[in-house]
Amino acid sequence: MQIDVFTLFPSWFDWFRGQRHVVNAMALGSALETVDYRAHTPLRAGQVDDTPFGGGAGMVLRVDVVEAALRAGYGEDPVGLRKHRRVIALTPGGRLLDDALATELAAEEELTLLCGRYEGFDERIVEHFCSDQVSIGRYVLAGGELAAMVVCDAVLRKLPGALGHEDSAHEESFSAALEGAPEYPHYTRPAEWRGWPVPEVLLSGHHARIREWRRERSRERAERRGGESLS
Ligand code: ADE
């Protein structure tokens with residue numbers, strides 16, 4: 001999978017690229033590239049944003065700047081680009097990222113993530129250049145970079161081999177394998193600590209009983225959290 005992130009802060013992604021599952025995904029053929037809007041701006045003095053028409057606080061990322069960066073990255077009109085590539089604007093009001101969306105995006109060969117800053121994007125960017133808008137939650141971040149990293153994290157860890165253990169991304173919270181419910185609790189050694197024992201069944205070696213116990217705990221958690229289960 002090839003992910004390109006358009007941002008004003010490409011160096012932020014250096015840390016992210018060093019994380020184990022990202023390193024694994026890269027070693028298995030994925031790529032995470034950044035494109036700096038400022039490096040491609042057609043405006044003087046590295047300008048990328050401007051004041052909003054109609055007034056109001058803050059600055060807005062300019063449509064001509066984003067077009068120039070996308071053209072530099074792909075050598076084509078971004079209006080056509082979104083017809084064959086998912087170009088995703090990170091916006092607080094977009095489609096909420098959940099496990100189903102992460103799975104959907106992980107099936108793509110290529111993704112482009114556009115990070116906004118300040119007050120966000122000139123609406124024409126979203127309307128004409130993007131195929132999707134994605135939000136990581138109903139709160140406003142100072143920019144889309146952290147949101148882009150969250151999307152990349154959730155997507156890359158789903159790629160085969162990224163976690164180093166094939167089962168770990170399969171039966172986890174909100175996955176189809178758990179019918180969309182939160183994951184069951186985990187325990188490890190010591191089997192007892194300060195009088196807090198690990199549930200007996202997990203020490204029994206009885207795989208069918210363990211599976212059933214886990215399903216029950218997972219369902220219980222879904223019910224407690226207001227019916228998050230898909231079924
Ligand atoms: N940009 C600013 N806030 C955001 C959010 N909550 N999700 C995605 N992108 C954002």
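**Figure 1. The ligand sits in the largest pocket of this predicted model.** This pocket holds about 340 Å³ of space. Its lining is made up of 23 residues, and those nearest the pocket centre are Leu90, Thr91, Pro92, Gly120 and Phe121. If you want to find your way around by secondary structure, look for β5, α7 (123-129) and β7, the elements that each give two or more residues to the lining. Sorted by class, the lining residues of the largest pocket are twelve nonpolar, eight polar and three charged.

**Figure 2. A shell of residues surrounds the ligand.** Here you can pick out Leu90, Thr91 and Pro92, together with Val134, Ser135, Ile136, Gly137, Tyr139, Val140, Leu141, Gly143 and Ala147. Two strands, β5 (86-96) and β7 (132-135), each supply at least two residues of this shell. The largest share comes from β5, with three residues. Eight of the shell residues are nonpolar and four are polar, while none is charged.

Figure 3. How much of the ligand's accessible area does the protein cover? On its own, the ligand has 260 Å² of accessible area, and the protein covers 96% of this.

Methods: Residues are numbered from 1 along each chain as its sequence is written. This is a predicted model: local features need pLDDT of at least 70, side-chain atom pairs count only at pLDDT 80 or more; totals for chains, interfaces and linings use all residues. Side-chain values use heavy atoms; hydrogens and water are left out. A residue is near a molecule or strand if one of its heavy atoms lies within 4 Å of it. Accessible areas come from the Shrake-Rupley method with a 1.4 Å probe; for residues, only the protein chains shown count as cover. On a 1 Å grid over the protein atoms alone, a cavity is a set of points where a 1.4 Å probe fits but cannot get out, and a pocket is an open set with protein on both sides within 12 Å along at least five of seven lines; lining residues have an atom within 4 Å of a point. A molecule sits in a cavity or pocket if more than half of its atoms lie within 2 Å of its grid points. Helices (H or I, at least four residues) and strands (E, at least two) are DSSP runs, numbered from the N terminus. Ala, Val, Leu, Ile, Met, Phe, Trp, Tyr, Cys and Pro count as nonpolar, Asp, Glu, Lys and Arg as charged, and the others, Gly among them, as polar. Grid points are joined across faces, edges and corners, and a volume is the space filled by probe spheres set on the points.
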